[in-house]
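Here is a briefing on one protein chain.

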Amino acid sequence: MADFVQSANVKSATRTLAEPIVDVATFNTIVQSVITDNPFECVAYMTAGQSHPPVEKTKEAYTAKLVYQDTDAKTVGTGSHKFDTLAKFNAGVTALLAAAAVSTAHGGSVVHDLGKDAFSASLRCHDANGEIYMVNFSRDRVTITSYSDDAIRTNVETWADTVAALA
């Protein structure tokens with residue numbers, strides 16, 4: 001039988017943030033700035049006859065955390081709702097805060113627990129050297145995956161050092 005022979009050395013690197021990103025608006029600003037400003041100097045490419053931008057969002061998820069409290073501010077219930085876009089997250093939070101029947105069923109008033117919300121987004125980047133790699137953002141870390149050239153990590157790290165929320 002033939003052996004498998006390693007053909008690439010794919011790496012990943014994670015930056016754990018000193019403090020979680022404060023809110024979904026700040027998170028969205030960071031992700032959108034990578035897509036719009038292209039700080040990693042990625043390049044457009046074509047694969048299988050389809051054009052791709054230099055940086056593209058491939059996945060995103062947003063989870064809203066709700067707490068239901070009685071008149072003594074004692075927790076009488078919780079809710080967790082996951083959305084696949086920021087627009088749906090914002091609309092969902094608005095609807096859930098206005099859902100009087102749900103609050104009544106819990107026996108309390110609803111509060112959006114912003115500090116426990118979770119969000120993530122994955123960006124596919126095409127480096128000028130031809131590599132395609134991923135930059136994954138979550139509330140408490142940034143991870144670079146599927147790269148082999150250390151210059152990619154250095155480039156992302158240099159950019160992240162300029163973004164206060166990513167310290």
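At 0% relative accessibility, Cys-125 counts as buried; buried means under 20% relative accessible area, exposed over 50%, and partly exposed in between, with a 1.4 Å probe and protein chains only. This is a predicted model: local features need pLDDT of at least 70, side-chain atom pairs count only at pLDDT 80 or more, and totals for chains, interfaces and linings use all residues. Residues are numbered from 1 along each chain as its sequence is written, and side-chain values use heavy atoms, with hydrogens and water left out.

**Cysteines**

- The closest cysteine sulfur to that of Cys-125 belongs to Cys-42, at 4.3 Å, which is too far for a bond.
- Cys-42 is buried too, with a relative accessible area of 6%.
- A search of the whole structure finds 0 disulfides, a disulfide being a pair of cysteine sulfur atoms within 2.5 Å.
- A disulfide is a covalent bond between the sulfur atoms of two cysteines.

- Cys-125 stands opposite Tyr-133 in strand 8.
- Strand 7 and strand 8 run antiparallel and are joined by 7 bridges; two strands pair if DSSP finds at least two bridges between them.
- Helices (H or I, at least four residues) and strands (E, at least two) are DSSP runs, numbered from the N terminus.
- Strand 8 covers residues 132–138 and is mostly covered, with 5 of its 7 residues buried.
- On to strand 9 (residues 141–147): strand 8 pairs with strand 9 in the antiparallel sense over 4 bridges.
- Met-134 stands opposite Thr-145 in strand 9.
- The hairpin of strand 8 and strand 9 has 2 residues between the strands.
- In a regular strand the side chains alternate between the two faces of the sheet.

**Aromatic pairs**

- The structure holds 6 aromatic pairs.
- Rings of Phe, Tyr and Trp (its six-membered ring) pair if their centres lie within 6.5 Å; planes under 30 degrees apart count as stacked, over 60 as edge-to-face and the rest as tilted.
- Phe-27 and Phe-119 form a tilted pair, 4.9 Å centre to centre with 50° between the planes.
- This pair links distant parts of the chain: Phe-27 is in helix 1 (residues 24–37), Phe-119 is in strand 7 (residues 118–126), and they are 92 residues apart.
- Phe-27 and Phe-119 are buried.
- The ring centres of Phe-40 and Trp-159 lie 5.3 Å apart with planes at 90°, so this pair is edge-to-face.
- Phe-40 is buried, with a relative accessible area of 1%.
- Trp-159 is buried, with a relative accessible area of 11%.
- Ring pairs link Phe-27, Tyr-62, Phe-83, Phe-89 and Phe-119 into a cluster.

**Two further residues**

- Asn-38 sits in the loop between helix 1 and strand 2.
- Its relative accessible area is 19%, so Asn-38 is buried.
- Neighbours within four places in sequence aside, Asn-38 is in contact with Ser-33, Pro-54 and Val-55; contact means heavy atoms within 4.5 Å.
- Thr-104 lies in helix 3 (residues 100–106).
- At 64% relative accessibility, Thr-104 counts as exposed.
- The C-alpha atoms of Thr-104 and Tyr-68 are separated by 9.5 Å, and the two residues are 36 apart along the chain.

**Whole chain**

- The chain has 4 helices and 9 strands.
- Along the sequence, the pattern is β-α-β-β-β-β-α-α-β-β-β-β-α.
- The radius of gyration is 20 Å, well over the 15 Å that the globule rule gives for 167 residues, so the chain is more spread out than a compact globule.
- That radius is taken over C-alpha atoms, and the globule rule is 2.2 Å times the number of residues to the power 0.38.
- Along the principal axes, the C-alpha atoms fill a box of roughly 65 × 40 × 35 Å.
- Of the 167 residues, 37% count as buried.
- Among contacts with a separation of 6 or more, 59% come from residues 24 or more positions apart.
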